Amino acid sequence: MGTYLAKVKAVKRVGHIIIDFLAQIEDFQKKLWLKKKFVVETNWCMTLDRIDESFWPEIIANPAQIQEWIEMYAIDEVEGDLTTVGWTNPPTVEFLRQNQNLVVDTKHFSTDFKDRLVASIEDLDEQTDGLMVNGDNFHALNIMKAKQVNSIDCVYIDPPYNANSSEILYKNTFKHSAWLSLMHNRLTVSKSFMKERAVLVCAIDEVEQERLGMLLNEVYPTENLEKTCVTVVHNPSGQQGDNFSATHEYAYFVYPVPGRSIAEQLRENPEDWDKRGLRDVTGNESLRSAAKTCFYPILIKNGKVIGFGDVCDDNYHPPINVIRNDGIIEVYPIDPQGIERKWRFGRETVPSIQDQLIANYIKNRNVWDIQRLKKSFNFKTVWQAPKYSANNYGTQILNQMFYSSPFTYPKSIYTVMDCIFAGSNGNKEARILDFFAGSGTTGHAVIEQNRLDNGNRKYILVEMGTYFNTATHPRIKKTVYSSDWKDGKPTSRDTGVSHIMKYFSLEDFHD
């Protein structure tokens, strides 16, 4: 018995030694992981219109930059005519003047050139339209945190789904807990980036959808936030399973309440528009007495709404129409029976919908009334439209830009555009953060949305994969130059945008 106990004590002593040794190794690895990573290299991409012409001779004389233009934009295929300067190698200054959406990448130039170029642009940070970081997103978020605190209007992320078709490789078999740890660390850090009324949008599929929902409840526990899970039909043909054919994925929206935080969706098809009277029509709640600020004249002239009068005194009881000496007609919310009702909008808010109001002449009554033609509505919780197809507007778009895409399941550009538009509440000046940038769809979507509505949105993208240099970053440079591509070549060279983008690489953990 004594020999047995001695052996147990010996094993226990050795066990403690081993445990202490392993703990030291793990603590050292943790310190290495948490060590602030250095910025290895910083560069800039700028369209020619943002660069003073005094730098152009040096750009023309740089064969690496010229070769990138040829490979990326097929610029050598531009032929000259009576109004167009044709391509020559090297190009002429006049050629550059006619192609100012060409993107100059400072990685091709000396440090001296880069320093002089950066110094030549006044208030460069404010002029910069996008920031891209090549590095682990946990370290990237921590290194940017101090400068970007409370600066982001919308966080959009499309994290790895941990799906069976593309499993994440972990050191153990606790896949769900490891995935949750991955997400928890990054979501927690990113909270400090967000403004008070910022919105988080997170795409996800069925594998982690439920767990993500619980995680979001933990990370965003405040009573002033609401969480909505939107269903997106991204694969209309369906992905075959044993019992069901899956056609959808999800997007969680976490947004402040009360008040409007999610933009309305503009419906493009006139058949989906809503045309209704602006006057409340039934019930006691529609009466004038129910809302004093909703009884006022709407002014029309030559059949168009031109403005609004003041809220009427309680003792004033006009007819439905009052024709003034200047030809302006005052229209009041009075029904055919002569009952004083109210407009659906108060006097303070009705100017915001003036462009939606229609003056309607009712011939058999010889009176004017007001209708509202509503083209925008709350986004539905099920998004189902051809434009959300990940194959047609995700994979195929990338294949046209790069011949073939290294990404198996890129998002539809329109899915991301709608997520960003909704999540930033339609703000044309919004700042968007995506720390799972992948193929760069978010940056592409921001640039494309700015093209459509002349916005000034800015983006921050973080991606650690090696494809940052072969797909993510080049995609943004291609998107800036042209909106349309086929077989890796631009099909519309006149759709480029003025752009400055900063990008840098972080020290790798293994370094």
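Select E210, M214 and E218 on helix α9: these exposed residues sit on the face of α9 turned away from its buried side. Keep in mind throughout that this is a predicted model.

Now select the other side of the helix. Within α9, which spans residues 209–219, the buried residues are Q209, L212, G213, L215, L216 and V219. Look down the axis of α9: its buried residues fall within an arc of 165 degrees, so they line one face of the helix. What do the buried residues of α9 pack against? Colour α8 (175–190) and the strands β5 (194–204), β6 (225–233) and β9 (248–256) to see the packing partners.

Next, go to the cysteines. How many disulfides does the structure hold? The count is zero. A disulfide is a covalent bond between the sulfur atoms of two cysteines. Select C202, which is in no disulfide. Its nearest cysteine sulfur belongs to C229 and is 9.9 Å away, whereas the cut-off for a disulfide is 2.5 Å. Is C202 buried or exposed? C202 has 0% relative accessibility, so it counts as buried; the limit for that label is under 20%.

Move on to C45, another cysteine to select. C45 has a relative accessibility of 3% and therefore counts as buried. C45 also takes part in the lining of the largest cavity, along with T47, V103, I476, K477, V480, H499 and M501. Select these residues together to find the place. The volume of the largest cavity is about 40 Å³, and the structure holds one cavity of 30 Å³ or more. Which elements supply at least two residues each of this lining? They are β1 (39–47) and α13 (472–481). The largest share, three residues, comes from α13. Sorted by class, the lining of the largest cavity has five nonpolar, two polar and one charged residues.

From α13, step to the loop between β21 (458–463) and α13, and select T470 there. T470 has a relative accessible area of 54%, so it is exposed; the label requires over 50%. T470 and S110 are 360 residues apart in sequence and 22 Å apart in space.

For another pair, select L22 in helix α1, which covers residues 2–34. With 45% relative accessibility, L22 counts as partly exposed. Then select Y296. From C-alpha to C-alpha, L22 and Y296 are 78 Å apart in space, and they are 274 residues apart in sequence.

Which element gives the most to the lining of the second largest pocket? Helix α11 does, with four residues. To see where parts of the lining come from, colour β10 (265–266), β19 (382–383), α11 (413–423) and α12 (441–453), each of which supplies at least two residues. Finally, colour the lining of the second largest pocket by class: eleven residues are nonpolar, seven are polar and nine are charged.

Conventions. Residues are numbered from 1 along each chain as its sequence is written. This is a predicted model: local features need pLDDT of at least 70, side-chain atom pairs count only at pLDDT 80 or more; totals for chains, interfaces and linings use all residues. Side-chain values use heavy atoms; hydrogens and water are left out. Buried means under 20% relative accessible area, exposed over 50%, partly exposed in between (1.4 Å probe, protein chains only). The arc is that of the directions from the helix axis to the C-beta atoms. Contact means heavy atoms within 4.5 Å. Ala, Val, Leu, Ile, Met, Phe, Trp, Tyr, Cys and Pro count as nonpolar, Asp, Glu, Lys and Arg as charged, and the others, Gly among them, as polar. On a 1 Å grid over the protein atoms alone, a cavity is a set of points where a 1.4 Å probe fits but cannot get out, and a pocket is an open set with protein on both sides within 12 Å along at least five of seven lines; lining residues have an atom within 4 Å of a point. Grid points are joined across faces, edges and corners, and a volume is the space filled by probe spheres set on the points.
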